Amino acid sequence: MSVYLIAEIKVTDDGWVPEYAADVHNLVQKQGGRYLSRSGNIEALEGEEKDCTLIAILEFPSRAALDGFVNDPDYAPYGKARQSGSVSNFHVIDDTDIAGAIPYLKAG
């Protein structure tokens with residue numbers, strides 16, 4: 001079952017960004033994950049505007065793979081730098097349909 005990490009990040013000190021942007025995708029790939037998007041082009045179609053600089057959506061083949069990324073000792077200094085220089089909200093969702101009505105998604 002695939003899982004998705006949705007990261008909403010408001011950069012408060014951009015000193016960490018270049019190294020994070022250059023290196024972290026390799027750590028994501030190490031766990032079988034991939035970025036679906038990492039963009040600052042954020043537009044609200046409904047509801048309030050997001051108070052963030054960028055949104056990243058990452059796909060992992062399993063929750064264990066996502067946990068492997070988050071808990072990877074090689075990621076720790078990048079995560080610490082991001083946390084020090086941003087306000088970050090991370091959410092995890094799976095690939096299910098809560099209503100069970102979409103045939104190509106598992107009922108959830």
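**Close-up 1. D95 sits in a loop between two strands.** In this predicted model, D95 belongs to the loop that links β4 (86-94) and β5 (96-97). Is D95 buried or exposed? D95 has a relative accessible area of 14%. The cut-off for buried is under 20%, so D95 counts as buried.

**Close-up 2. The side chain of D95 makes polar contacts.** One partner is the side chain of K106, joined to the D95 side chain by a polar contact of 3.0 Å.

**Close-up 3. I6 lies on strand β1.** The place of I6 is in β1. I6 has a relative accessibility of 23%. Buried would need under 20%, and exposed over 50%, so I6 is partly exposed. Leaving aside neighbours within four places in sequence, I6 is in contact with I55, A56, N89, F90, H91 and I93. Now look at I6 and E59. They are 53 residues apart along the chain, yet 9.0 Å separates their C-alpha atoms.

Close-up 4. In soluble globular proteins, nonpolar side chains tend to be buried together. Here, the largest nonpolar core holds 18 residues. Which of them touch the most other members? They are V24, F60, F69 and Y75. At least two residues of this core come from each of β1, α1, β3 and α2 (63-70).

**Close-up 5. V24 and its contacts.** V24 is one of the core residues that touch the most other members. Setting aside neighbours within four places in sequence, V24 contacts E19, Y35, F69, Y75 and Y78. Two of these partners, F69 and Y75, are also named with V24 among the core members that touch the most others.

Close-up 6. Rolling a probe the size of a water molecule over the atoms shows where empty space is left. The largest pocket contains about 190 Å³ of space. Its lining is made of 15 residues, and I9, Y20, Y35, R38 and L54 are the closest to the pocket centre. Which elements give two or more residues to this lining? They are β1 (3-11), α1 (17-30), β2 (34-39) and β3 (54-60). By type, the lining residues divide into 13 nonpolar, one polar and one charged.

Methods. Residues are numbered from 1 along each chain as its sequence is written. This is a predicted model: local features need pLDDT of at least 70, side-chain atom pairs count only at pLDDT 80 or more; totals for chains, interfaces and linings use all residues. Side-chain values use heavy atoms; hydrogens and water are left out. Helices (H or I, at least four residues) and strands (E, at least two) are DSSP runs, numbered from the N terminus. Buried means under 20% relative accessible area, exposed over 50%, partly exposed in between (1.4 Å probe, protein chains only). A polar contact is a pair of N or O atoms within 3.5 Å; within protein, one must be able to donate a hydrogen and the other to accept it, and residues adjacent in sequence count only if both atoms are side-chain atoms. On a 1 Å grid over the protein atoms alone, a cavity is a set of points where a 1.4 Å probe fits but cannot get out, and a pocket is an open set with protein on both sides within 12 Å along at least five of seven lines; lining residues have an atom within 4 Å of a point. Grid points are joined across faces, edges and corners, and a volume is the space filled by probe spheres set on the points. Ala, Val, Leu, Ile, Met, Phe, Trp, Tyr, Cys and Pro count as nonpolar, Asp, Glu, Lys and Arg as charged, and the others, Gly among them, as polar. A nonpolar core is a set of buried Ala, Val, Leu, Ile, Met, Phe, Trp, Tyr and Cys residues joined through side-chain atoms within 4.5 Å. Contact means heavy atoms within 4.5 Å.
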